[in-house]
Amino acid sequence: ADSLRTLAAPIGLRMGTAAVPSELAAYGQIIGDQFSVVTPGNEMKWQLVEPTQGTYDWSGGDNLVAFARAHDQLVRGHTLAWHNQLPTWLTDGVTNGTISNDQLRALLRKHVTDEVTHFRGKIWQWDVANEFFTDSTPSQMNPNDFWVSHLGTGILEDVFRWARAADPHAILCYNDYNIGGEDGSNAKADAVYAWAKQALADRVPLDCIGDQGHLDTQYGFSGTLMQQDLQRYADLGLKVAITEADVRTFVNNATDNVPTDHLAVFAQPFEYDQMLKACLFVRQCISFTIWGLTDASSWIPAVFTGEGYALIYDINLNPKPAYTVMQQDL
Ligand code: XIL
């Protein structure tokens, strides 16, 4: 049967995966065959591009861009303004008071401008800002977020203006998790929707909403709700994308990667199917990206204790039922 990218091409959808350099090296053949858009797992984050103040290292991002070009793929740039994976010189400087809020703002502006300029013309979609909203009900822009607490809520609009000025052609996305009802709640989706609507009224250059799509089989996920949420963003005139899909579950141990609940083996392909259909049923959904390729190197076990089995290839690089289900959807 045909690859995911081949099946998705006629309907104008790009199928994607995230990869770090070791994964590009080890799984390059499958990544090239199956996907038409790639995201660097870490290599475009501030911590990696400017580990020492004033010294840029674009090599990881440049290599991913070169891989994409060689495999006729587009690139999702990830991510410019986020509270995580910041360089320690920056967070330390803020903590010990050597970086004032005015200086912090200037540093963020320089970071956004320099990175978007470096990759200008090579990035299809940028995750300009990532994870600014709280998980509470109701949700709001997090007042304790690193950027918001120092620079105010308006910073979220400014980063989009700076990104647009540096690359007028990239699709600029706000990216977050649980904004398509992934956890069964719609609180964060409501808050992000309200923000996006206001941002557009304020003429902020916001083009797209990226819903990460990190699911866990223990939570109640509704594909119908996700479709409604994606459609609601789209009805504002925005594009939408699923940017980091995975479906985790508890496993016996990280080595065997066998779900403790045998029903998870059925729940997982069903939830991938529902998520992909939510995107397929929304005309403005332009890409569906999975956060990694194989359970052998997913981010899940390191962050969610006892969980795994999240991706569509198993630890031996064989496609799982979730792969087959998505292939049939396309
Ligand atoms: C993860 C990477 O996959 C890990 O390698 C890294 O240690 C931590 O970050 N949401 C995001 C991604 O937007 O950037 C995160 O990626 C996963 C959660």
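Figure 1. In α6, the buried residues include L108, H111, V112, E115 and V116; a residue counts as buried if 20 or more other C-beta atoms lie within 10 Å of its own, as exposed if 12 or fewer do, and as partly exposed in between, with C-beta atoms placed from the backbone. Seen down the axis of α6, the buried residues fall within an arc of 105°, so they line one face of the helix; the arc is that of the directions from the helix axis to the C-beta atoms. D102, Q103, A106 and T117 are exposed on the other side of α6. The helix covers residues 101-118, 18 residues in total, and reaches 25 Å from its first C-alpha to its last, close to the 26 Å expected at 1.5 Å a residue. That expected span is 1.5 Å times one less than the number of residues. The buried residues of α6 pack against α3 (46-49), β3 (74-81), β4 (125-130) and α8 (155-166), where contact requires C-beta atoms, placed from the backbone, within 7 Å. Helices (H or I, at least four residues) and strands (E, at least two) are DSSP runs, numbered from the N terminus. The model is a predicted one, in which local features need pLDDT of at least 70 and side-chain atom pairs count only at pLDDT 80 or more, while totals for chains, interfaces and linings use all residues. Residues are numbered from 1 along each chain as its sequence is written.

**Figure 2. Strand β3 and its partners.** Seven of the eight residues of β3 are buried, so the strand is largely enclosed by the rest of the structure. β2 (residues 37-40) runs parallel to β3 and is joined to it by two bridges; strands count as paired if DSSP finds at least two bridges between them. V75 in β3 is the bridge partner of V38. β3 also pairs with β4 in the parallel sense, over four bridges, and A129 in β4 stands opposite A81.

Figure 3. β1 and β9 (residues 285-290) run parallel and are joined by four bridges; F288 in β9 stands opposite M15. β1 and β2 also pair in the parallel sense over four bridges, with V38 in β2 opposite T17.

**Figure 4. The shell around the ligand.** G41, N42, N130, Q212, E244 and W299 surround the ligand, each having its C-beta atom, placed from the backbone, within 6 Å of it. The shell comprises one nonpolar, four polar and one charged residue. Ala, Val, Leu, Ile, Met, Phe, Trp, Tyr, Cys and Pro count as nonpolar, Asp, Glu, Lys and Arg as charged, and the others, Gly among them, as polar.

**Figure 5. Surroundings of G181.** G181 lies in the loop between β5 (171-176) and α9 (187-201). G181 is buried, with 25 other C-beta atoms within 10 Å. Leaving aside neighbours within four places in sequence, G181 is in contact with N186, A189, S222, L225, M226 and D229.

Definitions and conventions. Contact = placed C-beta atoms within 7 Å.
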